[in-house]
Amino acid sequence: MASTDNEPKGDISDPANLNPDELGFMCGLEIHQQLDTDKLHSREQSILFDYTADSLPTNIPKVARKLRAAKGESGRVDIAAKFESRRNRKFVYVQSPNSGLIELDEQPPLPHDTEAVNAALTISGLMSASPLPIMQAMRKTVVDGSNTSGFQRTTLVSTNGSISTQEGEVGISLICLEEDSARKIKSELTPDGEIVTWNLDRLGIPLVEIATDPDIKSPEHAKSAALKLGTILRDTRMVRRGLGTIRQDLNVSIACGDRVEIKGCQDLDWIPKIIRLEIARQLHFYRLANKLRESRGFSLLSNDRRNESQDEEKKIEAAVENLMPLEVMDVSNCFSSTDAKLVESSLSKGGMVMATKLAGFSGYLGSKEFDLDGAQLPRLGRELSSAAKLVGVKGIFHSDELPAYGISEKEVNQISDKLKLESSDAFALCIGPEWQAQLALESVILRARAAYHRIKQEVRNVVIRKGEPEDGTTNAMRPLPGGARMYPETDIPPLILNHDNWQSILSSLPPSTLDRLDNISNFDISKDQAKQLVSQHLDDQFLQGCDGTIMCGYTRLSPKGWASLLLDSTRKDIAENIGIKTNKVPLLLLAALQYVREEGDLTREGIIPVAEDMLNSTIWPIESQINLEIISDLINEITNRSIAMGYKPASSDELELVVKKVVADRIDFVKERGLGALGPLMGLVMKEFGGGADGKQVSSLLKSEIEDLTGK
């Protein structure tokens with residue numbers, strides 16, 4: 001098939017100025033968000049234990065496994081699973097305190113967690129998606145070791161939703177509920193293969209997966225759509241927050257390329273650049289494929305994959321296989337006296353240097369160059385190295401970049417002679433155990449063959465350095481999985497959606513962030529306080545205090561004081577001092593303490609110690625049993641303890657007398673330091689009252705007294 005004159009235009013060294021529309025750009029998003037519930041199928045807690053390779057407890061249980069690919073419901077082995085099974089890896093699983101027999105795949109899973117299902121349905125309602133009347137858990141084959149069972153449980157919850165963005169509406173094709181995977185602790189390469197250690201703490205935490213239709217109009221639109229999705233998820237207040245709790249994947253293609261899924265887009269600001277670099281990469285490899293085809297007299301690729309002739313591609317595929325057989329040769333004897341430290345070190349440990357001929361690829365592999373924004377330009381040599389790394393090696397050397405890295409021109413010539421290269425041929429080297437170097441170079445050959453064709457559908461991940469994207473470029477991970485990886489989960493009964501439950505969810509959808517800000521905008525608090533209350537999910541508690549609900553109508557709290565108490569570290573400090581979780585400090589106790597303070601019977605400094613004393617000596621009532629009598633008793637108890645512990649505020653007259661005495665006794669110090677004396681003197685006044693003074697009031701009195709004395 002001949003190429004048309006309408007070739008895709010654009011300079012790949014300037015990705016920012018590539019025209020997505022002209023290149024037939026298509027893009028969709030996949031969002032994976034952890035839910036703030038117990039695990040999906042085991043009822044274990046969804047908490048994380050941050051073990052590292054160096055901090056693993058010596059007595060923690062460990063289990064070793066090796067996984068293999070199995071046929072799916074269709075009777076075929078999924079392409080991604082088949083690839084993973086060739087990597088000769090063993091897995092060690094660390095059994096964290098929140099992982100039991102279900103996480104170890106030694107006990108059948110439990111039915112879906114009800115809270116997680118309701119969260120997924122709430123998200124569906126906010127995105128106008130239609131839930132399935134019967135939800136069937138499925139097994140999705142995963143053999144990279146991140147799931148002990150070799151599969152991930154996924155349940156389709158709803159379809160056909162939409163969200164609105166400034167650039168237009170984006171369809172939501174599906175919303176799923178699935179288990180998160182285990183967390184990798186370390187990877188160790190041994191002569192017999194790779195050993196990967198996983199932490200089971202994250203395995204089974206519920207994830208909601210949201211996939212959009214390919215309605216993204218531009219790289220910048222992808223960012224705004226991801227931001228809108230994240231905002232909706234946070235508005236539910238049913239999701240976990242923090243680093244690693246949400247992941248964005250990008251599905252990107254242009255007309256002359258094909259769909260690629262990009263993982264690891266943690267930072268929304270990087271999304272446009274990552275997409276533009278993928279556009280440039282696909283454009284580069286389309287052009288390279290046609291250069292290679294032209295050099296062999298093959299018909300050129302069409303500039304639109306929809307016009308591709310499968311018969312013609314199969315003919316070219318067969319011809320390329322003949323040109324590039326899966327042949328790998330041991331060339332270790334070419335390095336008997338090498339200056340290449342890496343090669344010398346590997347050979348001394350029993351490794352080998354293996355090589356393969358890349359017929360007709362001289363000058364096409366490339367060397368490291370950068371675009372106008374500092375990102376690496378796409379090149380085939382990097383793709384070949386990426387393919388080899390999937391086997392566990394650190395990379396490859398190829399002839400377009402040699403001699404270099406201590407490998408001499410003499411050694412390059414010896415290898416060329418041994419491989420019987422023509423002037424148009426290239427070669428690739430891999431160093432390591434024989435089995436691994438052999439497998440790595442086979443991957444290199446397969447990727448080099450693919451260079452004659454349109455880019456393959458695959459999963460790629462963003463290159464990360466020190467926790468951040470290096471430059472927005474990506475590396476290959478695995479082939480794009482197909483439908484063969486999915487089959488029904490027979491251990492979990494189908495989940496039937498109750499109509500009344502769905503209607504209840506629709507009638508009580510959570511308000512948006514803007515709605516929440518509007519709800520508290522009329523109270524006497526600052527705009528910054530309002531924003532913090534909403535962002536920290538404290539606005540409901542704030543309203544309950546201001547309208548008296550939290551105290552069963554006993555009283556209403558001052559908005560400004562209540563907001564300040566909710567936002568400062570008081571609750572956290574109380575929890576840490578007595579060794580409990582922050583959310584175990586009852587908000588009712590905080591509200592009662594604030595009321596007693598507003599009544600003038602408790603100092604600000606007394607809130608934390610009185611709260612600690614109450615929690616250490618009181619069996620807290622069940623929330624549903626709280627009534628006005630209990631509230632009244634609670635307030636009286638706080639007042640009595642405040643007096644007994646010395647935290648009942650001194651009168652204004654008492655404070656003023658002590659302040660005047662402290663200043664008078666240190667008059668020379670005050671004249672010398674002026675207002676700089678305020679801090680030291682304040683400590684003396686507070687000590688005098690033993691906690692029975694309000695710090696704000698003391699500060700005000702001291703400042704006034706010092707200014708009267710110094711005239712400043």
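Asn 147 is buried, with a relative accessible area of 3%, where buried denotes under 20% relative accessible area, exposed over 50% and partly exposed the range in between, computed with a 1.4 Å probe on protein chains only. The residue belongs to the loop between strand E6 (137–141) and strand E7 (151–165), with helices (H or I, at least four residues) and strands (E, at least two) taken as DSSP runs numbered from the N terminus. The model is a predicted one, in which local features need pLDDT of at least 70 and side-chain atom pairs count only at pLDDT 80 or more, whereas totals for chains, interfaces and linings use all residues. Residues are numbered from 1 along each chain as its sequence is written, and side-chain values use heavy atoms, with hydrogens and water left out.

When its neighbours within four places in sequence are set aside, Asn 147 is in contact (heavy atoms within 4.5 Å) with Leu 67, Tyr 93, Val 142, Gln 152, Ser 181 and Leu 203. The C-alpha atoms of Asn 147 and Ser 181 are separated by 5.8 Å, although these residues are 34 residues apart along the chain. In strand E7 lies Asn 160, which counts as exposed at 61% relative accessibility and has a phi near 55 degrees, a positive value in a residue other than glycine.

The peptide bond from Leu 402 to Pro 403 is cis, with omega near 5 degrees, and Pro 403 is located in the loop between strand E16 (397–398) and H8. Within helix H8 (residues 409–419), the residues Glu 411, Val 412, Ile 415, Ser 416 and Leu 419 are buried. Viewed down the axis of H8, these buried residues fall within an arc of 140 degrees, so they line one face of the helix, the arc being that of the directions from the helix axis to the C-beta atoms. Glu 409, Lys 410 and Asp 417, on the other side of H8, are exposed. The buried residues of H8 pack against strand E14 (329–330), strand E15 (352–358) and strand E17 (426–432), and just after H8, Lys 420 adopts a positive phi of about 55 degrees.

A positive phi, of about 60 degrees, is also found at His 537, which is not a glycine and which lies in the loop between helix H12 (527–535) and helix H13 (539–546).
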